[in-house]
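Here is a short briefing on one protein chain. Please look over the sequence and the structure before reading on.

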Amino acid sequence: MLLSLLKILFFFAVVLAIALGAMQLSETGQTLRLEYAGTEIALTPIKAIVALLVLMVLAWLVFKLLGLALAFIRFIAGDETAISRYFARSRERKGYDALGEGMLAVASGEGKLALAKAARAEKFLDRPHITDLLTAQAAEVAGDSARANATYRKLLEDERTRFVGIRGLMRQKLEEGDTRAAMLLAQKAYAIKPSHKEIQNTLLDLQTREHDWKGARAILKDKRRQGELPKDVALRRDAVLALQEASEVLAQGNSISAREAAISAAKASPDLIPASVLAARSYIAQKDPRNATRILEKTWSVRPHPDVAAAYAEIVPDETPNARLRRFEALLRKNPDHEESRLLKAELLLAAEDFPGARRALGDLAESHPTVRTLSIMAAVERGEGADDSVVRGWLARALTASRGPQWICDKCSNVMSNWAPVCDSCAGFDTLTWREPEEKGSAPAMPGAEMLPLLVGASGKGKAGTDGKASDSADVEAIATPEPAKKAARTEIADVAPGMVPREEDYVEVTEPATTVTAPEKDASGESPSEKSGTGARAGSGAVKADGPAPNGKATGEAEIIPVRPDVEPPEEAQQAVPASKR
């Protein structure tokens with residue numbers, strides 16, 4: 001409303017200004033005199049203005065006539081004219097219509113229709129960098145990979161579409177599983193557009209798959225510089241890549257470069273446990289226990305882990321259990337309330353045969369957080385304090401079904417891995433492994449008891465150091481973890497036949513279960529049991545069972561002793577009556 005009012009006021013102001021100007025010119029009384037070839041023309045100001053307007057119109061008409069004459073001359077000469085431009089605009093309009101319909105067909109997944117529209121657009125348009133791109137995308141949707149590959153290669157010839165062609169070929173190689181060729185194409189695409197986010201992520205993923213850690217670190221550095229990654233995430237991932245680079249360098253025999261890379265990774269990310277362990281072991285190999293101790297204690301203060309404790313034990317491998325306990329006090333003070341610190345202290349006290357101290361160090365972990373490790377430690381404590389075997393077996397029985405505790409678990413696919421790796425074996429996720437407890441128990445591949453007492457290096461059954469520090473520890477673990485019934489189980493042959501049948505040699509099978517105690521039936525006043533009266537005795541079709549008197553193998557009275565019946569021996573008369581005639 002206000003804008004319309006302003007327009008009206010402006011119009012009246014212009015009209016008023018023109019009117020006032022005309023009145024001012026008419027009142028001046030001056031004239032414009034034009035003289036040419038003896039002819040004089042006198043014009044008033046108003047007439048002069050009108051004459052000027054007429055001259056402007058005539059000049060416009062003259063220029064139009066000259067343009068028409070020139071167009072006619074060009075038409076006669078065969079140059080472009082309005083007619084040819086009309087048909088060109090018509091073809092261009094049809095081409096762009098086909099191009100738009102083809103793009104819609106690609107977006108909707110209609111590959112054949114998209115190819116037809118791409119061919120029509122190519123016919124009407126002289127824009128190969130656009131129509132070839134539509135053809136390649138339509139061929140991908142239609143499943144014609146050969147045509148798409150050929151079209152992408154055509155795009156490489158034009159500088160404007162070179163990046164698009166490389167990217168399309170890279171995606172095709174990824175679909176085919178040719179990661180090596182895809183990585184080379186990704187490197188070329190990255191050289192053209194270093195800031196392209198998709199190419200950065202693809203190249204980084206391919207380099208980690210191909211173990212090109214140096215190249216991956218360069219890409220990660222560029223991503224951090226461009227602001228694609230937060231500083232802490234970039235430092236963490238760079239530390240992971242540096243760790244893997246150090247591991248491969250160490251495998252090639254270059255310990256100096258490996259140590260420097262591992263130390264760099266440990267400094268960049270103190271919570272990266274494998275980096276700290278590798279750096280510490282590098283220092284240990286160089287006879288530098290001071291720096292190894294410093295790195296491991298720093299890592300323990302951030303994130304305690306059994307591998308850190310194992311590397312800490314390697315600093316002085318041949319020390320006594322009491323000396324090791326005193327040396328480990330410095331490590332335990334870095335994070336005394338952590339569960340791993342309490343477990344480690346309990347294990348060290350077990351090695352020193354301080355079983356009450358181990359129980360106090362363990363506290364209520366066996367009840368509040370029962371795991372294979374805590375329950376195994378409790379079983380070892382009970383065995384060391386002289387508890388009954390039933391108590392020890394009770395703790396070990398609970399350990400068989402308890403959680404295995406923290407493990408390396410992928411945050412992306414929940415895959416459980418026995419050792420840390422930069423890339424998950426299941427989903428190929430980079431830096432997705434976390435030391436935590438799985439949600440589902442029993443998902444780890446490790447055997448029960450393998451995590452029990454990992455720091456009793458060289459400890460025998462009485463806690464003395466062994467020769468290699470590991471063989472005696474495994475023997476102790478097996479000795480504690482093996483229940484008594486399993487040790488005393490005997491292999492017995494019994495006959496697998498129906499009751500009343502005489503077994504043959506092939507009917508006997510071996511069983512590993514301990515012999516079952518059979519209670520002797522009560523006898524009546526005549527001194528015979530009811531089964532003896534019936535003529536079957538204590539046979540169950542597989543042999544006779546003695547229930548009184550000492551057994552030949554030293555078993556107590558009352559335990560079952562199976563006496564197999566040989567097929568070449570005449571069976572009792574009662575058994576013959578029970579056997580059918582067809583079986584005799």
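A residue counts as buried under 20% relative accessible area, exposed over 50% and partly exposed in between, with a 1.4 Å probe and protein chains only as cover. T202 has a relative accessible area of 17%, so T202 is buried. This is a predicted model: local features need pLDDT of at least 70, side-chain atom pairs count only at pLDDT 80 or more, and totals for chains, interfaces and linings use all residues. Residues are numbered from 1 along each chain as its sequence is written, and side-chain values use heavy atoms, with hydrogens and water left out.

**Whole chain**
- The chain holds 25 helices and nine strands. Both are DSSP runs numbered from the N terminus: helices are H or I with at least four residues, strands are E with at least two.
- Buried residues make up 34% of the 584 in the chain.
- Accessible surface totals about 35,100 Å², and carbon and sulfur atoms account for 56% of that. The areas come from the Shrake-Rupley method with a 1.4 Å probe.
- Take the contacts between residues at least 6 apart in sequence: 48% of them join residues at least 24 apart. Contact means heavy atoms within 4.5 Å.

**Around T202**
- T202 sits in helix α9, residues 197-209.
- Beyond its neighbours within four places in sequence, T202 contacts M170 and L174.

**Residues 48-77**
- An unreviewed UniProt entry lists residues 48-77 as "transmembrane region". Such annotations may be inferred rather than shown by experiment.
- In the model, this span is 100% helix and 0% strand, and its end C-alpha atoms lie 43 Å apart.

**A three-stranded sheet**
- Three strands form an open sheet in the order β4-β3-β5, with antiparallel pairing. β4 (416-417) and β5 (433-436) are at the edges with a single partner strand each, so one side of each has no neighbour in the sheet.
- Strands pair when DSSP finds at least two bridges between them. Two bridges join β3 (residues 407-410) to β4.
- W408 stands opposite M417 in β4.

**Cavities**
- A cavity is a set of points on a 1 Å grid, over the protein atoms alone, where a 1.4 Å probe fits but cannot get out. Points are joined across faces, edges and corners, and volume is the space filled by probe spheres set on them.
- There are two cavities of 30 Å³ or more.
- The second largest cavity has about 40 Å³ of space. Its lining residues, each with an atom within 4 Å of a point, include W408, W420, R236 and D271.

Notes: On a 1 Å grid over the protein atoms alone, a cavity is a set of points where a 1.4 Å probe fits but cannot get out, and a pocket is an open set with protein on both sides within 12 Å along at least five of seven lines; lining residues have an atom within 4 Å of a point.
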